[in-house]
Amino acid sequence: QDHRGHGGTLLEQLLFGVMILDANRAWHGANGDGALASPTIPGVEHVSATTSLPLTAQADQTTIRVPGAPGNTGDKDHDGPLIDYMAVRAGYFEAMGMRIIAGRGFEPARREDVREIVVDHTFAEYFFPTGNPIGTRIPFGESDTLTIVGVAQQARLYDIHKDDRPQVYIPSEDWGYATLSWVIRSDRPASALAAEVRTAIH
């Protein structure tokens with residue numbers, strides 16, 4: 001996370017509860033930054049939304065398999081680990097200041113014939129210790145197949161001092177998530193933005 005002065009991402013939302021709402025209500029605009037990316041809110045650089053914020057210990061879990069991955073051992077439990085998954089909007093990694101190690105994050109304009117997923121470096125190292133996961137198609141859920149388009153650094157959910165289980169990110173627009181938390185990157189203090197953000201989203 002980038003702490004420039006008193007700016008950075010609005011993880012302070014957990015303290016004053018302003019940003020936790022239905023992000024779809026205000027989401028519009030071709031640039032994917034929605035209603036908050038507006039000249040009426042000076043200093044806002046990136047806006048996105050997510051189902052799970054770092055260090056909240058809140059995420060969905062599932063087991064996942066990657067057929068033919070170099071890291072597979074043939075052991076059923078090893079090759080189908082429990083992972084955390086989060087749904088996010090385009091621009092999430094930029095808003096959070098999370099480094100994309102390979103590939104890219106989600107973009108506002110998506111190909112209709114490709115359903116995408118971004119994995120974290122723990123996932124990549126687990127399944128692809130000697131290979132590149134970008135472009136790999138993996139089963140997800142009951143009947144979906146997703147294409148890995150990026151590898152991101154891990155955003156720790158449970159312990160600030162160490163990484164945990166593998167994480168993956170899916171586009172919230174593709175999966176019908178309605179209740180999301182805003183994530184805003186600004187060079188202004190969170191407290192100074194609160195009133196303007198409330199106005200923009202209502």
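This is a predicted model: local features need pLDDT of at least 70, side-chain atom pairs count only at pLDDT 80 or more; totals for chains, interfaces and linings use all residues.

Biologist: How many bridges join β3 to β11, and do they run parallel or antiparallel?

Modeller: Six bridges, and the two strands run antiparallel. Strand β3 covers residues 44–50, while β11 covers residues 180–186.

Biologist: How many residues of β11 are buried?

Modeller: Seven of the seven, so β11 is largely enclosed by the rest of the structure.

Biologist: What about the protein as a whole, what share is buried?

Modeller: Buried residues make up 47% of the 202 residues. The accessible surface is about 9,800 Å², and carbon and sulfur atoms account for 49% of that.

Biologist: And how many helices and strands are there?

Modeller: Six helices and 11 strands. As for the contacts with a separation of 6 or more, 74% of them link residues 24 or more positions apart.

Biologist: Back to β3. What's in the loop between β3 and β4?

Modeller: Leu55, for one, lies in that loop, and β4 itself spans 60–63. Leu55 has a positive phi, near 65°, and is a residue other than glycine. Ala57 is found in that loop too, and its phi is also positive, near 55°.

Biologist: Switching topic: how many cavities of 30 Å³ or more turn up?

Modeller: One, from a search of the whole structure. The volume of the largest cavity is about 30 Å³.

Biologist: OK, new spot. Where is Ala124, and is it buried or exposed?

Modeller: Ala124 lies in helix α4, residues 121–127. Its relative accessibility is 9%, so Ala124 counts as buried.

Biologist: Which residues does Ala124 contact, beyond its neighbours within four places in sequence?

Modeller: Pro129, Pro133 and Val151.

Biologist: How far apart are Ala124 and Val151?

Modeller: In sequence, 27 residues; in space, 7.1 Å from C-alpha to C-alpha.

Biologist: Last one, Thr147. Which strand is it in?

Modeller: Thr147 is in β9, which runs over residues 144–152. Thr147 counts as buried because its relative accessibility is 15%, and the cut-off for buried is under 20%.

Biologist: And which residues is Thr147 in contact with, again leaving aside neighbours within four places?

Modeller: There's the run Val114, Arg115, Glu116 and Ile117, and then Gly135, Thr136 and Arg137.

Biologist: Nice, that's what I was after. Thanks!

Key:
Residues are numbered from 1 along each chain as its sequence is written. Side-chain values use heavy atoms; hydrogens and water are left out. Helices (H or I, at least four residues) and strands (E, at least two) are DSSP runs, numbered from the N terminus. Buried means under 20% relative accessible area, exposed over 50%, partly exposed in between (1.4 Å probe, protein chains only). Contact means heavy atoms within 4.5 Å. Accessible areas come from the Shrake-Rupley method with a 1.4 Å probe; for residues, only the protein chains shown count as cover. On a 1 Å grid over the protein atoms alone, a cavity is a set of points where a 1.4 Å probe fits but cannot get out, and a pocket is an open set with protein on both sides within 12 Å along at least five of seven lines; lining residues have an atom within 4 Å of a point. Grid points are joined across faces, edges and corners, and a volume is the space filled by probe spheres set on the points. Two strands pair if DSSP finds at least two bridges between them.
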